[in-house]
Amino acid sequence: MLTPEKSPARRKNARKSLAASETFWGYTFLAPVIIGFLVFTAIPVVVSLYYSLTNFDGILPPKWVGLENYTSLFTNGEFGHALLNSLYFTLGTVPVGAFLSLLVAMLLNQKIRGQSLYRSAFFIPVIVSYVSVAMVWQWMYNQDYGLINSFLGSLGLPQPPWLASEAWAMPSVIIMSIWKGLGFSSVILLAGLQGISPSMYEAAEVDGANAFQRFRHITLPLIRPTMMFVLLTSMINSLQAFDQIYIMTSGGPGRATEVVCYLIYMNAFQYFKQGYASAMAYILFIIIFVASIVQLKVSEKNNGNV
């Protein structure tokens, strides 16, 4: 039988042993995630920074050139043109997509028959790959036998060349991208709407507030953080658009849809200018980082004024 003096020491050692065992198994289960992050994210980011300061074609050893790649970005006009296209795409998708997502979320928040079915239907495009969606819309946009022009022709309306026109190509991709991301943003906003207590609407209705006043003074202020999250994630995704551009237009016609990520791909894997492409990737990262910080600061300021 253990003496009373030794029992606390035994219990202390047992607790230390248990804690060490839990720590060991905790790190063991975290190891795949940590290794994956290091191998596929952290190390490539550091290596890419080094490559951005070199002349590297992916085959021969990299040759140090310093800031030459960054200087070229702002002197040849190619990157500037692609950046303007990315901004055009972002400004076309984010505000309109957020507005439509809020409208859909408010409709899905109503107590109607088949509510779950409607919610699932709007979310289906989110789980479908961008490649599949882009190929379907590419067929729909076909000038000769596409579904959209066939419908417009049956109504006697003009049939735009869509993806074959420099004026229509980017709006066509924007429309598809809004449709693709509508379900995700709507679900996020729907969660925000359902977090608002019904008693607040009931109290406002008793005070004589109409539907627009309830929306303006209750709904909008309370879902502002959710809306800012939707705007932020939509902006980041739009500035990194690639799949739909690659499948539907390949940057054309006449470079009308050549966005930054597509230009990075072309330089890295078609022109074998991986150092130059790495520099573009880092400039894009800085732009997204600064835009995100600005948007977060504006959001904090607006929330403080509520």
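In this predicted model, tryptophan 162 is placed in the loop between α6 (147-154) and α7 (166-194). Its phi is near 50°, a positive value in a residue other than glycine. Tryptophan 162 has a relative accessible area of 8%, and because buried means under 20%, this residue counts as buried.

Phenylalanine 272 also belongs to a loop, the one between α12 and α13 (274-305). Although phenylalanine 272 is not a glycine, its phi is positive, at about 55°. Is this residue buried, exposed or partly exposed? With a relative accessibility of 46%, phenylalanine 272 is classed as partly exposed.

Another loop, between α11 (243-248) and α12 (260-269), holds proline 253. The peptide bond that joins glycine 252 to proline 253 is cis, with omega at about -10°.

| Site | Angle |
|---|---|
| Tryptophan 162 | phi near 50° |
| Phenylalanine 272 | phi about 55° |
| Glycine 252 and proline 253 | omega about -10° |

Tyrosine 88 lies within α3, which covers residues 78-108. Its relative accessibility is 40%, so tyrosine 88 counts as partly exposed. Which residues does tyrosine 88 touch, leaving aside those up to four places away in sequence? They are Met170, Pro171 and Ile174. Threonine 226 stands 138 residues from tyrosine 88 along the chain, and the C-alpha atoms of the two are separated by 24 Å.

Definitions and conventions
Residues numbered from 1 in each chain as written. Predicted model: local features only at pLDDT ≥ 70, side-chain atom pairs only at ≥ 80, totals over all residues. Heavy atoms only, no water. Helix = DSSP H or I, 4+ residues; strand = E, 2+ residues; numbered from the N terminus. Buried < 20%, exposed > 50% of the residue type's maximum accessible area, 1.4 Å probe, protein only. Contact = heavy atoms within 4.5 Å.
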